Every structure is written in C-alpha cells, then in structure tokens.
Amino acid sequence: MTLTPNKRGKSEWVLVTSTLEEKKSSLEEGLLQNRVAMKDRISGLPDDVILIILSHLELKDAARTSLLSKRWRYSWTYMPDLDFDAENFLRQGFDNNAGATSRYVKWVSAVVMAHRAPTVKKFRVFFHLDGTYASHIDRWVDFFSRKGVNDLELNFGGLCSKWHDKFYNLGTFGQTIHDPQAACAATFPFNNLMSLSLEMLSISGASLEFMLSKCSLLERLSLNYCNGLGSLTVAGSPLKLKYLTIKFCEVDKVEVSAPNLVTVEFWDFDADIIFKCVPSLVEASFLGECANGMLERISCWSFQLEKLTMVINETDSTPTSIPSLVNVKELMVTLDIEKGHNLHNWCHLIDACLSLREFKLGISWVFPFFNRNTHEWRVKATDCTHPCLEIFHFVGFTASEFDIGFASYVIERAPLLKTLALCLHDPLISVRDPIPFSLAPSGVKHFVGELAKSHPALDVIFT
C-alpha cells in the first residue's frame with residue numbers, strides 16, 4: 001500500500017487500498033473457502049440424512065447428485081423409494097411411442113441393476129407397457145421380490161388410454177409368485193407387502209389368492225383393467241386387507257370375506273359378487289354393471305355403511321326394495337339415463353338414509369333428443385325428514401320440471417340444509433369450469449330466485 005497527500009494539501013494522509021485486482025482475488029478466495037466448507041458440511045452428513053434429502057428429489061434428479069463428489073457417487077443407489085413416473089418423459093417432449101418406451105425400459109433396468117440397498121419400500125412403474133417387454137419386466141419382478149417391497153404398483157397403462165393388444169402376463173413369473181416351495185412364510189418373497197396395485201396386465205385369480213394367503217400385512221389391493229382373473233376369492237384368516245378396488249377387469253366371480261375391510265370400490269365389470277363376512281365395511285362404491293341390483297345384495301350389512309356411491313347406467317336397475325341405510329352420512333347417486341328410467345323410486349333411497357349429512361345427485365341424459373321436461377314429477381309426499389342434511393349437490397341441473405321437483409323434494413325435507421350446490425354440466429363429462437349464475441339459463445335463474453324468497457337462509461352456489 002502507499003500513502004499520499006490529499007487534494008487539499010493538508011497534513012492529513014489518506015490510506016490507499018490495494019489494487020482492484022487484489023480485492024477481487026481476495027474476495028474470490030473467501031467465497032471459495034466458504035463453498036468448500038459448505039460442501040464439506042453437506043458431504044459429512046450421516047447417510048440417513050442424505051437419503052432423506054434425496055427422497056425429496058425425483059429419481060432422475062437424485063441420480064444426478066452422483067456428480068457432486070465421490071461421497072455422493074453411490075448415495076442415490078440406496079434410495080428406498082423407486083418411483084419410475086412417466087411424466088418426466090412427457091415433459092421432455094416424448095410421447096408413448098416406441099422410442100420413448102425403449103428409453104423408459106432402459107432407465108428402469110439401469111436403476112434396478114445399480115441399486116445397492118438390501119430393501120425397497122416402494123417400487124412404482126407407470127408407463128404404457130405390454131407383453132413385448134416381458135423379459136425386462138420379469139427382471140424387475142425378480143428385483144423387487146428379493147427386496148422385501150412394502151408398496152408395489154405396476155401400472156402398465158400409464159397416461160395412455162389405448163388398450164393393449166398383448167398384456168404382460170404376471171404369471172410368467174409364477175416360480176416367484178405361485179411356488180409351492182414358497183409355502184413357508186419365512187421364504188415367501190412378499191412377506192412385507194402392504195399395498196399392491198396392478199393395472200393393465202394379466203394375472204390369474206389363483207395367483208392372487210395365493211399371495212393374499214401369504215401377505216399377512218397387505219392392507220390395500222387395487223386391480224384395474226386386468227384380465228385372466230377368472231374366479232377371485234378375497235379371504236383368509238390372517239388377512240388385514242382394509243381397502244379393495246376392482247375396476248374394469250375381466251372376472252367371472254368375486255367373493256369377499258375380509259373382517260378388516262373398510263372400503264370397497266367395484267366398477268363396471270360383469271361378475272357374480274358375493275359378500276360373506278365384512279363386519280368393518282363402512283364405505284362402498286359401485287359403478288355400471290356392478291351397481292345393477294347391488295342394493296338388494298348388500299341388505300345383510302347395509303346398516304353399517306356410512307358412505308355409499310352408486311353410478312347407474314341401466315334402465316332396469318331402479319331399486320325395487322331399499323335396504324336399511326340408517327347410518328349413511330354421505331350418499332352419491334349418478335344416473336346415466338338413456339330412456340324410461342323410473343327416477344322417482346330413487347327418492348325412497350334418500351328417505352332410507354336417516355343420518356344423511358351430504359347428498360350428491362348427478363343426472364346424465366345420454367341422448368340429447370330425450371327431453372327431460374317430458375318426465376313429469378310424480379312422487380307421493382311422505383312424512384320422512386332429513387334433520388341432519390346440510391349439503392345437497394345437484395350435478396346436471398337443467399331446471400326441468402323433474403329437476404325442480406326432485407330438488408324441492410329434498411329441500412323441503414331438510415330443515416337444517418345450509419348449502420345447495422348446482423352444477424349445470426353433465427356429471428359424466430370431464431371437469432370444466434363452473435358456469436356462473438350470470439350465464440345460467442333463464443329457468444335456472446328463476447328457480448334460484450324463488451328459492452331466495454322461500455328459503456332466504458339457504459346458500460346457493462354454482463360449481
């Protein structure tokens with residue numbers, strides 16, 4: 001440094017600092033030391049903490065951390081959750097074509113080969129895959145069967161709605177899943193399985209039944225678009241199953257005897273459905289063919305239900321007898337009408353739900369030339385009331401004579417009703433933005449205006 005007189009020529013001296021280059025060099029050196037120190041602190045964290053950090057990253061991003069240092073090189077290969085989500089590929093501009101599928105399969109196989117942890121908690125495949133890639137999928141199944149997986153999802157439909165020409169057959173790996181030598185619980189590869197979800201693949205009912213008999217910890221079973229099931233019995237003394245979902249599957253018969261079962265969802269498959277022992281079941285959802293005649297078949301345990309969902313699309317499915325539904329607090333009924341439905345009988349279903357708090361009604365009219373106004377409201381008044389009902393949703397409301405009659409029937413019997421939610425869209429159409437009151441048809445505006453006079457405390461909203 002140098003000393004120089006100031007401009008005023010006084011005896012004072014001004015200290016002149018080092019050159020700009022020296023300042024910059026000193027600053028960079030300090031920043032570098034801070035970075036090194038920070039890097040050392042992160043790299044010095046315990047393995048468990050590093051795995052927690054990696055668990056908040058997507059699998060591909062976690063693998064990229066191997067470039068940080070030698071300490072991080074293999075850390076990602078010990079991750080307990082392996083989620084191979086297809087959305088990464090779609091965000092990168094790939095479609096579900098052969099090129100994207102090949103890249104996806106190579107990615108999963110590479111991770112499986114590199115993985116070093118002795119166990120895997122979650123293994124999820126979510127991509128449109130068929131039997132063409134059976135040899136690769138077999139290796140994946142071999143991998144997670146040796147890792148004591150807890151949560152297993154094989155979704156070979158992905159984001160694509162196209163149906164497979166050739167389903168992957170999970171039975172091709174029968175030596176692991178259905179091996180008589182694995183009868184001993186100690187050697188069975190899925191002892192730790194708690195959740196199993198299969199979509200768009202082929203598996204026999206016998207293989208599933210064998211797994212259920214050995215998976216004493218299994219709580220969730222979901223089957224979507226699966227074929228080859230034949231007859232399926234969901235039963236077993238050690239079974240802890242709480243949630244059962246079967247949707248759009250090829251199955252001939254389903255028999256359920258599960259004392260811990262809490263929720264069941266059966267959607268649109270033509271099969272003989274038998275419930276034997278379900279003392280804990282409180283929530284049930286039936287859609288399409290599964291809903292036809294279901295009210296009569298659940299009469300032996302319907303009194304314990306708290307939530308019931310029915311989606312009806314057959315003209316002959318109007319209930320002839322209503323079971324006891326005294327504990328149902330939430331009821332959702334969607335009617336997919338083609339012609340001549342005796343809609344009035346559904347009012348008796350509502351009347352049977354004496355503890356009802358929330359009711360959602362959806363009415364879809366498939367053929368536009370079928371005018372709902374031709375359906376007159378002809379329901380004999382009853383003394384039944386709903387003292388607990390607070391929320392009433394009406395989806396597909398058109399302000400026709402039938403709609404107004406049905407809505408008034410419910411409103412007049414619910415003295416504590418707080419909210420009427422009207423949706424002017426068809427309930428079976430994909431979600432759209434709500435139609436506001438200002439754009440509603442004149443009939444709807446008139447109905448709402450009359451309600452404001454007769455029920456000023458009722459909150460009418462549009463959803």
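In the predicted model, Thr263 of β11 is the bridge partner of Tyr243. This pair belongs to the parallel pairing of strand β9 (residues 243-247) with strand β11 (residues 263-267), which are joined by five bridges; two strands are taken as paired if DSSP finds at least two bridges between them. Strand β11 also pairs with strand β13 (residues 283-287), again in the parallel sense and over five bridges. In β13, Phe286 stands opposite Phe266.

Residues are numbered from 1 along each chain as its sequence is written. Because the model is predicted, local features need pLDDT of at least 70 and side-chain atom pairs count only at pLDDT 80 or more, whereas totals for chains, interfaces and linings use all residues, and side-chain values use heavy atoms, with hydrogens and water left out.

The protein chain contains twelve helices and 19 strands (DSSP runs numbered from the N terminus: helices H or I, at least four residues; strands E, at least two). Of its 463 residues, 44% count as buried (buried, under 20% relative accessible area; exposed, over 50%; partly exposed, in between; 1.4 Å probe, protein chains only). Among contacts (heavy atoms within 4.5 Å) between residues at least 6 apart in sequence, 60% join residues at least 24 apart.

A search of the whole structure finds zero disulfides, a disulfide being a pair of cysteine sulfur atoms within 2.5 Å. The cysteine sulfur closest to that of Cys249 lies in Cys226, at 4.7 Å, which is too far for a bond. Cys249 counts as buried at 7% relative accessibility, whereas Cys388, at 33%, counts as partly exposed.
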